[in-house]
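Biologist: Hi, I'm new to this one. Can you walk me through it?

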Amino acid sequence: FVQALATSGVILRLLSEAALSYEQDYDNIRHGRYAEPHDMYTRNAQNHPLSVGRQTARFVAEAVGTMARRTRAAEEDRRVTIPRGDAYPEYYRTAFHYQTNGWMSRESADAYETSTETLFLGRQDAMQ
């Protein structure tokens, strides 16, 4: 699989698209179109080695759990227990992509943040 990606140029294309995205985003910040993200520079708590270690451990643990639930494909792995009523649409009552606790916990949100940053090669701020 990795060999096929490498020989097809997919990896180079993804990295090139990421670089172009960063360049466009930085140009927009430089010209005052919007403010720089709080974590643009490495001197913040999010980029401290201990924080990066916690984020990585959380991401790996969630990825292992997600893959196990996806492999089982059991209906109970798709349900999320939240209070009934009109406060939440049905969409929020489903464990999206087999996430732990669906959308409805801080732990899930933190793991989702790290996983999307990984998936999109760190371009989450630029995409938002």
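Biologist: Where does the model come from, and how are things counted?

Modeller: This is a predicted model, where local features need pLDDT of at least 70 and side-chain atom pairs count only at pLDDT 80 or more, while totals for chains, interfaces and linings use all residues. Residues are numbered from 1 along each chain as its sequence is written, and side-chain values use heavy atoms, with hydrogens and water left out.

Biologist: What is the mean pLDDT of the protein?

Modeller: The mean pLDDT (the predictor's confidence in each residue, from 0 to 100) is 80, and 88% of the residues reach 70 or more.

Biologist: What share of the residues is buried?

Modeller: Buried residues make up 23% of the 128 residues. Buried means under 20% relative accessible area, exposed means over 50%, and partly exposed is in between (1.4 Å probe, protein chains only).

Biologist: And what about the surface?

Modeller: The accessible surface comes to about 9500 Å², and 58% of that belongs to carbon and sulfur atoms. Those areas come from the Shrake-Rupley method with a 1.4 Å probe; for residues, only the protein chains shown count as cover.

Biologist: Which residues form a nonpolar patch there?

Modeller: V10, I11, L14, L15, Y22 and L121 do, with about 470 Å² of accessible area together. Patches are made of residues with over 30% relative accessible area and no salt bridge, with like charges joined within 9 Å and nonpolar side chains (Val, Leu, Ile, Met, Phe, Trp, Tyr) within 5 Å. I11 sits in helix 2 (residues 10–30), and with a relative accessible area of 37% I11 is partly exposed.

Biologist: What's the one with E17?

Modeller: E17 meets R13, at 3.1 Å from N to O. These two are four residues apart in helix 2, so about one helical turn separates them. An α-helix has 3.6 residues a turn, so residues three or four places apart point the same way.

Biologist: Is that pair buried or exposed?

Modeller: R13 is exposed at 58% relative accessible area, while E17 is partly exposed at 32%.

Biologist: What does D27 pair with?

Modeller: The side chain of D27 meets that of R33 in a salt bridge, 3.8 Å from N to O. D27 counts as partly exposed at 25% relative accessibility, and R33 as exposed at 52%. There's a network here too, where salt bridges link D27, R30 and R33.

Biologist: And R69, where is that?

Modeller: R69 is in helix 3 (residues 49–72). The R69 side chain forms a salt bridge with E62, 3.4 Å from N to O, and both residues are buried. R69 itself has 13% relative accessibility.

Biologist: What else does R69 touch?

Modeller: Leaving out residues up to four places away in sequence, R69 touches E62, A74, D77, Y98, Q99 and T100. A contact means heavy atoms within 4.5 Å.

Biologist: Tell me about T100, then. Which residues does T100 touch?

Modeller: With the neighbours up to four places away left out, T100 touches E62, R69, S105 and S108. T100 lies in the loop between helix 3 and helix 4 and is partly exposed, at 30% relative accessibility. T100 and R78 are 22 residues apart in sequence, and their C-alpha atoms are 9.3 Å apart.

Biologist: Last one: what's helix 4 like?

Modeller: Helix 4 (residues 106–119) has 14 residues and reaches 20 Å from its first C-alpha to its last, close to the 20 Å expected at 1.5 Å a residue. That expected span is 1.5 Å times one less than the number of residues. S108, A111, T114, T116 and E117 are buried in helix 4, and their cover includes helix 3 and helix 5 (124–127).

Technical notes:
Salt bridge = Lys/Arg side-chain N within 4 Å of Asp/Glu carboxyl O.
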